[in-house]
Amino acid sequence: MTTTAAPDLITVEQFFAPPARIGARLSPDGTTVAYLAPWRDRLNVFVRDLDGHWPDTDSPDDPAARRLTSDDHRSIDTFFWSPDSRYLLYLQDSDGDENHHLMRVDPGRPDEPAVDLTPAPGVRVLGTQFCADRPTSVFVQLNPRRPDLIDLIEVDLDTGRSTPVAESTGDTTGWLRTPTGRVLDVGIDGDGTHRLSERTADGIRTVGRFSGLDHPFGPVPCVPTPDGSGLWIGSPRGSDRTRLVRLDLDTGEQTGVDSHPVFDLDTPRPEVDARFPSSLIVHPATGELLGARYLGERQVIHALDPHFAEVLPRLAELSDGDLAHVSCDDTARRWVVDFTHDRDHRATWSYDHTTGTARRLFRTHPDLDPARLAPVTPVTVRSRDGLDLPCHLTLPVGVEPRNLPTVVLLHGGPWYRDSWGYDPEVQLLANRGYAVLQVNFRGSTGYGKAFTQAAIGEFAGRMHIDALDRMIAQGCTDPDRVAIYGCSYGGYAALVGAAFTPDRFAAAVSYTGMSDLADLARRVAPFVRRGVVNSYGRYIGDPGDPAQEADMLARSPISRVDDITAPMLLIHGANDVRVHRSNSDRVAEALRARGAEVEYLVNEREGHWFVNPDSNIELYRTLERFLARHLGGHTAEQD
């Protein structure tokens, strides 16, 4: 297919090379900022003095930028300060196997190697927590005894010594410890009901139960109150919307704390994706609740503390984006924050509430001019059965929106959501001349529990594309040049689109998508096997039941692979523990056996999501070439 002259192309490397800096966190003592920056093409942890000079990028000979980690194999993406500012802790796995270990580095001794605080082979850190009554320890959720048993371990930050606190009895899905030493066990019953219990010297006492239908992943967020007598949790009890309540640990009663009349509390996405800030903003030293986030087309933050009510408008005026990650010192006077924005990703600022002064510390991609990038516009589409579908539309800059090649881009999960903000793959596609339609289909979270539950039994059914017809009817989309693309569940949806409605798409791209729902359910990692009763079990089915297994197969693209006629691009990480690579292998083999057009990219050093910059550059070069061949968009190589 012939491509037209290309306007102002931005290279794949500019979109997917490591950011100059990202993820800034202020130390609790208010003196030092930790952040991620590239070293040998991998993101590593650096520190700088907050009050020092901040050039656009770090240079190798700049003594002010002190590198604390030296990982040239895999980028780091999650790190945090210890409460006393002495240490930085970070998580790291091996080639995408998701067996994350907790590592410690000392900013005062940058030349010393990182210390593995969870050194046992094969273990996986599933959560960490600091507690005010044990200031030199970190509490870790870990599976050292058996892959499916999650225990609570106390780790001394100085010595690395581990002490068991509580052990799973077999149905534990998570742990919490209050600042007063109370140990809480989140478990799950056979019917999917979540059970919150307190572990005491006298045994186990049930605090409360939560519907698995209304809480697919348990009560989230789940944050102890400073006095140790309660938890702040998200709750849809008696409502379609998730609001903030206080759960009394002695009585089990829920008391309303805050809510929004239209929007859900922004959960559970931050609990499963650290790229997004927590729905609760908590004082780092006192544990007091400062604010709560709600998310619709844009974010709304409710200040729940008088001091934060003064600070919040001063932070908000720093950007026309949405306030994202926030960190402050122990006095909550000095702040380092970044912002969600559709064209200026996570610009990072410092603010001093004592002096009222602020300055921009850095932009994550100083070589990307926001004016060259495409605005992301929230739109709502009415489905065929009357359900309003929140979507986001991104159009090429400087191009008349008529008969455009279009990519329907579907998020993973499906218990997840897309929202307004910067996404490098969306911007790459728009820059290559495609209209990009992101659909929050039924099953997405954040739009009320009825919207999420509308996906039960609808895999390969009404979750399929409803929004595309509107784009075609409005003349924006050329119906003969539409591709469907997604990752994880979105990859499954792309396979469904190609196999179940082959006449609708000129190309399809599945990135770690599942082709066999029964295989997906059978291969669930041991430590989450009980928990998926409310997700896979309720929404997809139980492969142990022959009738349900047959239905799952009928909804699986592998059963209809012979109906695929569109060219297919398959992408998979060889170490994927969520969707085994055989889900792509089998589709590729079947398509090749009958001479169908298929391209298959397997990365041996990645898992469910590609992390390393060179992996993503290879992926998106492959994607842009594939789409250009079949939809007629631009590529940097051709134009």
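**A chat about a sheet, a helix and the cysteines**

Q: What order do the strands of the open sheet have?
A: The four strands of this open sheet are ordered S5-S6-S7-S8, with antiparallel pairing; strands are DSSP runs of E with at least two residues, helices runs of H or I with at least four, numbered from the N terminus, and two strands pair if DSSP finds at least two bridges between them. This is a predicted model, in which local features need pLDDT of at least 70 and side-chain atom pairs 80 or more, while totals for chains, interfaces and linings use all residues. Residues are numbered from 1 along each chain as its sequence is written, and side-chain values use heavy atoms, leaving out hydrogens and water.

Q: Which strands are at the edges?
A: Those are S5 (78–81) and S8 (115–116), each of which pairs on one side only.

Q: And how many bridges join S6 to S7?
A: Five bridges join S6 (residues 88–92) to S7 (residues 101–105), and Leu91 has Leu102 in S7 as its bridge partner.

Q: Switching to helix H4, how many of its residues are buried?
A: Seven of the eight residues in H4 (424–431) are buried, among them Val426 and Leu429, where buried means under 20% relative accessible area, exposed over 50% and partly exposed in between (1.4 Å probe, protein chains only).

Q: How many disulfides are there?
A: The count comes to zero, a disulfide being a pair of cysteine sulfur atoms within 2.5 Å. For Cys328, the nearest cysteine sulfur, that of Cys131, is 18 Å away.

Q: Is Cys328 buried or exposed?
A: Cys328 is buried, at a relative accessible area of 6%.
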